[in-house]
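Q: I would like a close look at a single part of this model, namely how one of its chains is built and packed. Please give one connected account.

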Amino acid sequence: MQKYNPYEGLERIKAPAHFERDVLNLLHQRQKKRVRSRTLRLSFAGAMGAIAVVFIVLNLFIIPEKGTVEFSDLERGIPPAFERGVTSSAEQTIPIIEAVDYTEEIRRSRQDPPTIYILEQCSDETSRGIKY
Amino acid sequence: MREQELMSHIQKGDEMAFEEIMRMYKDKIVNFLWRLTGNYQTAVELAQETFMRVYFKANKYRPVAPLSSWIYAIASNLAKTELKKANRVPVVSLDNEVYHYPEQRASWGNPEKLAMSKTLKKALNSLHPRYRIPVVLKDIEGFSQEEIAQILKKPLGTIKARISRGRNYLKKELEDSSFRLPFNHNKEDGHAEI
């Protein structure tokens, strides 16, 4: 019985003559490219880091923090605190939150006898200074 | 052992060791890729890329498997990507093909066998890569089914099924052509025989 591998008849091909040389050339090109891209990546990372540091330094130490603008001051024509040169540390606002139970207040007011105020003009002069 | 030593040298950036590995595998890899892609130029380019990866990914190589399995795994992955990219199953017309590649040895002297070899090649090229890759690795490159499972990162059962389906397809193709030769599979060594 004749026995052979049918694939044996298939021709086998060779790599081109200068295969190793071509691969090594390609390898050197890739190495250069990798070094260049690594340098570029590091430079970019460094530049971004430097920008971040400059931003932080400017914000913390060089540019003063602007204070709050109060409407009451604006109405009176007083410029905001940061324009007056008042540092923010001098004007730190401390928020105080106090819980007030109004129900008790209302109850208490109901228990009190009702008060009637009779307002009567005592003088003929116009009540310029009197405020009710 | 020698291959492991060469790989450890490549890991240190030794280009001489890399050249040595290339000399050992270049023909096999080009041939393997040519079988898969059906185009000599593409096969050479993919082989170059395979060796590039061998060099740059040398640190990822672990000597738990033979080096050949690792190199073939890289090559088959590249071939699969290339075939997907081309989105086609290449069918090479042997009648019109210009043979500009160096052949390692002449085919069969017998014209009938030569014609059968051409038909087999045609059938191989028309086979889907899913089946072609395991069949080529098994029947042409001579890897064991376990090694192929390792190379293609598929379960052993899947590989066995794919090889069997691929061989059945080839058998049918050969039978459909003028070659009505008995085509059996040797159960013991898994090789196809006539």
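A: In this predicted model, 36% of the 194 residues of chain B count as buried. Chain B holds eight helices and two strands, and from the N terminus its elements follow the order α-α-α-α-α-α-α-α-β-β. Of the contacts in chain B that link residues at least 6 apart in sequence, 63% join residues at least 24 apart.

The packing may be approached through the nonpolar core. The largest such core comprises 55 residues, and those with the most contacts inside it are B:Val30, B:Leu33, B:Ala47 and B:Ala75. Helix α2 of chain B, residues 15–37, contributes the most to this core, with eleven residues. As a general background, nonpolar side chains in soluble globular proteins tend to be buried together.

The buried residues of α6(B) are B:Tyr131, B:Arg132, B:Ile133, B:Pro134, B:Val135, B:Val136, B:Leu137, B:Lys138 and B:Asp139. Just after α6(B), B:Gly142 adopts a positive phi of about 80°.

B:Lys153 has a phi near 55°, a positive value in a residue other than glycine. In general, most residues other than glycine have a negative phi. B:Lys153 lies in the loop between α7 (145–152) and α8 (156–176) of chain B. This lysine, B:Lys153, counts as exposed because it has 9 C-beta neighbours inside 10 Å, the cut-off for exposure being 12 or fewer.

Of the 132 residues of chain A, 5% count as buried. The secondary structure of chain A consists of three helices and zero strands, in the pattern α-α-α along the sequence. Confidence also bears on how chain A is read: the mean pLDDT of chain A is 76, and 61% of the residues score at least 70. Among the elements of chain A, helix α1 (residues 19–62) has the highest mean pLDDT, 92, while helix α3 (residues 102–111) has the lowest, 65.

Note on methods. Residues numbered from 1 in each chain as written. Chains lettered and ligands numbered in written order. Helix = DSSP H or I, 4+ residues; strand = E, 2+ residues; numbered from the N terminus. Buried ≥ 20, exposed ≤ 12 C-beta atoms within 10 Å, placed from the backbone. Core = buried A, V, L, I, M, F, W, Y, C linked by C-beta atoms within 7 Å. pLDDT = per-residue confidence, 0-100. Contact = placed C-beta atoms within 7 Å.
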